[in-house]
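Okay, hi everyone. I'd like to talk through some charged pairs today, so let me put the model up.

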Amino acid sequence: MSYFEEMTQKAKAAMSTAAGKAKEVADSAKISAAIIAEKRELDKNYRAIGQWYACEHAEGEVPEAIADVIAAVRASQEKIAELQASREAAESAESIAEEGKVCPVCGKISDTKFCPHCGAPME
């Protein structure tokens, strides 16, 4: 066998080994990605169960083991409701400011010196 034939055979063997290793790595990566996707789905389902449980049970019905967690969830829900109400109030105040002034007598909005509805001076 000549030197070039021997080198060709060694190169083919190396390429075959490299291709096999690359396929193994790709398969391993696919499996890892599938595992991560399933874990995310599992976490989503656990969150759904927890949310359902927290909504369905009254304060006295909750087991002591998770009472503080349920209390924290309810406190967060109340805080979110307060923040949303304050945001809505701020947005309505901005829209009133954009439209004009509010009449202190009748509550109508106008951008004139005197209210066109009742004639009271606008502040």
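So, where do Asp27 and Lys23 lie, and how many residues apart are they? Both sit in helix H1, 4 residues apart, about one turn of the helix. Helices here are DSSP runs of H or I with at least four residues, numbered from the N terminus.

Quick caveats: this is a predicted model, where local features need pLDDT of at least 70, side-chain atom pairs count only at pLDDT 80 or more, and totals for chains, interfaces and linings use all residues. Residues are numbered from 1 along each chain as its sequence is written, and side-chain values use heavy atoms, with hydrogens and water left out.

Back to that pair: Asp27 and Lys23 form a salt bridge, at 3.2 Å from N to O. By salt bridge I mean a side-chain nitrogen of Lys or Arg within 4 Å of a carboxyl oxygen of Asp or Glu. Lys23 counts as exposed because its relative accessibility is 54%, while Asp27, at 32%, is partly exposed. The cut-offs: buried is under 20% relative accessible area, exposed is over 50%, and partly exposed is in between, with a 1.4 Å probe and protein chains only.

How many salt bridges does the structure hold? There are 3. Another one joins Glu6 to Lys10, with the closest N and O atoms 3.5 Å apart. Those two are also in helix H1, which covers residues 3–56, and are 4 residues apart. Lys10 is exposed at 51%; Glu6 is partly exposed at 36%.

Then there's Lys44 with Glu41, closest N and O atoms 3.5 Å apart. This pair in helix H1 is 3 residues apart, again about one turn. Lys44 comes out partly exposed at 45%, and Glu41 is partly exposed at 36%.
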